[in-house]
Amino acid sequence: MTDKRVALYTDGACKGNPGAGGWGVVLEYGEHRKELFGGDVETTNNRMELMAAIAGLSALKSRCVVDLYTDSVYVKDGITKWLSNWKSNGWRTAAKKPVANQDLWKQLDQAVSNHEVNWHWVKGHSGDPGNERADELANQGASSVCDK
């Protein structure tokens with residue numbers, strides 16, 4: 001295993017749901033800090049929350065222990081509680097319906113497999129500095145696609 005421990009703060013934003021959306025990421029390792037953002041012209045908030053986690057994990061160049069902080073119960077519960085059942089049920093929910101955002105869940109599953117990820121839920125807009133900055137970056141990502 002590795003002793004490289006990274007804090008990863010993620011957030012998604014959407015101007016309309018669906019609508020223009022963005023994702024933001026803050027990566028912290030020791031004294032190092034990296035910020036990322038992006039967006040999509042027509043998307044949903046849940047897709048942007050997933051994209052933030054995927055982008056943050058994919059930005060890591062080597063195997064790490066990751067403390068991932070998200071204000072999305074959808075992302076945290078999806079990856080920690082629902083994913084294994086979805087996979088064993090052929091990507092169907094307990095109600096036998098296709099899993100929403102299956103393409104991104106598969107990408108996140110792959111990104112997580114490269115690291116040891118500890119999932120943490122934080123209340124959004126409650127003053128957590130990492131979450132607040134990820135939110136600002138997500139809004140920047142949404143604004144960047146609105147300007148196109």
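1. Lys and Arg count here as positive and Asp and Glu as negative, with His and the chain ends not counted; the place of a charge is NZ of Lys, CZ of Arg, CG of Asp or CD of Glu. On that basis the protein has 18 positive and 19 negative charges, and their mean positions are 8 Å apart.

2. This is a predicted model, in which local features need pLDDT of at least 70 and side-chain atom pairs count only at pLDDT 80 or more, while totals for chains, interfaces and linings use all residues. Residues are numbered from 1 along each chain as its sequence is written, and side-chain values use heavy atoms, leaving out hydrogens and water.

3. The protein has 4 helices and 5 strands, where helices (H or I, at least four residues) and strands (E, at least two) are DSSP runs numbered from the N terminus. Their order from the N terminus is β-β-β-α-β-α-α-β-α.

4. On overall dimensions, the radius of gyration is 15 Å, which agrees with the value near 15 Å for a compact globule of 148 residues. The radius is taken over C-alpha atoms, and the globule rule is 2.2 Å times the number of residues to the power 0.38. Along the principal axes, the C-alpha atoms fill a box of roughly 45 × 45 × 25 Å.

5. Of the 148 residues, 44% are buried, meaning under 20% relative accessible area with a 1.4 Å probe, protein chains only. Contact means heavy atoms within 4.5 Å; among contacts between residues at least 6 apart in sequence, 67% join residues at least 24 apart.

6. A nonpolar core is a set of buried Ala, Val, Leu, Ile, Met, Phe, Trp, Tyr and Cys residues joined through side-chain atoms within 4.5 Å. The largest one has 30 residues, and L57, V66, L68, W105, L108 and W119 have the most contacts inside it. Elements that give two or more residues to this core include strand 1 (5-16), helix 1 (45-58), helix 3 (102-113) and strand 5 (116-121). Helix 1 supplies the largest share, 7 residues. Another core, of 5 residues, lies apart from it, and A7, Y9, V26 and A134 are among its members.

7. W119 is in strand 5 and is buried, with a relative accessible area of 15%. Not counting residues up to four places away in sequence, W119 touches A53, L68, V75, K76, I79, T80, L108 and V112. L108, leaving aside neighbours within four places in sequence, is in contact with L50, A53, I54, L57, V75, I79 and W119.

Methods: Buried < 20%, exposed > 50% of the residue type's maximum accessible area, 1.4 Å probe, protein only.
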